[in-house]
Amino acid sequence: MKSDIRVCGDWETTHERPVYTLGDACPECGADAVNSAPAPFNPEDPYGAYRRRARLRARDGDEE
Ligand SMILES: [Zn+2]
């Protein structure tokens, strides 16, 4: 069964954390909401994961 939960397609740059919605658009910024299952981050933004790691590292010290 397919999940209807989507995530803001722009959350990596717009929000501190994923914004989930059941609709077609992010309720906070209005960006297109994408299916959350295969790619929780924007696949066209390959550096998003690195930015997120850097952000987590800065907040949590040496923990991954
Ligand atoms: Zn958003």
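Among contacts in the protein between residues at least 6 apart in sequence, what percentage join residues at least 24 apart? The figure is 31%. Keep in mind as you look around that this is a predicted model.

**The overall layout**

Let's start with the parts list. You'll find 2 helices and 3 strands in the protein, and reading from the N terminus they come in the order β-α-β-β-α. The protein has 64 residues, and 12% of them count as buried.

**The sheet**

The 3 strands come together as an open sheet, with the order S2-S1-S3 and antiparallel pairing. Strand S2 (20-21) and S3 are the edge strands, so called because each pairs on one side only. Zoom in on S1 and S3 and you'll see an antiparallel pairing over 3 bridges. Within it, Val-7 stands opposite Val-34 in S3.

**The core**

Which residues make up the largest nonpolar core? There are 6 of them: Val-7, Cys-8, Trp-11, Cys-26, Ala-33 and Val-34. Strand S1 (6-8) and strand S3 (33-35) each bring at least two residues to this core. Val-7 and Val-34, the two that stand opposite each other, both belong to this core.

Is Gly-9 buried or exposed? Gly-9 is buried, because 23 other C-beta atoms lie within 10 Å and the cut-off for being buried is 20 or more.

Now hop to Ile-5, in the segment before S1. Ile-5 counts as exposed, since it has 12 C-beta neighbours inside 10 Å and exposed means 12 or fewer. Leaving out neighbours within four places in sequence, Ile-5 is in contact with Tyr-20, Leu-22 and Ser-36.

Each of these two residues also has a partner some way off along the chain, as the table shows.

| Pair | Separation in sequence | C-alpha to C-alpha distance |
|---|---|---|
| Gly-9 and Asp-32 | 23 residues | 5.7 Å |
| Ile-5 and Leu-22 | 17 residues | 5.0 Å |

Notes. Residues are numbered from 1 along each chain as its sequence is written. This is a predicted model: local features need pLDDT of at least 70, side-chain atom pairs count only at pLDDT 80 or more; totals for chains, interfaces and linings use all residues. Helices (H or I, at least four residues) and strands (E, at least two) are DSSP runs, numbered from the N terminus. Two residues are in contact if their C-beta atoms, placed from the backbone, lie within 7 Å. A nonpolar core is a set of buried Ala, Val, Leu, Ile, Met, Phe, Trp, Tyr and Cys residues joined through C-beta atoms within 7 Å.
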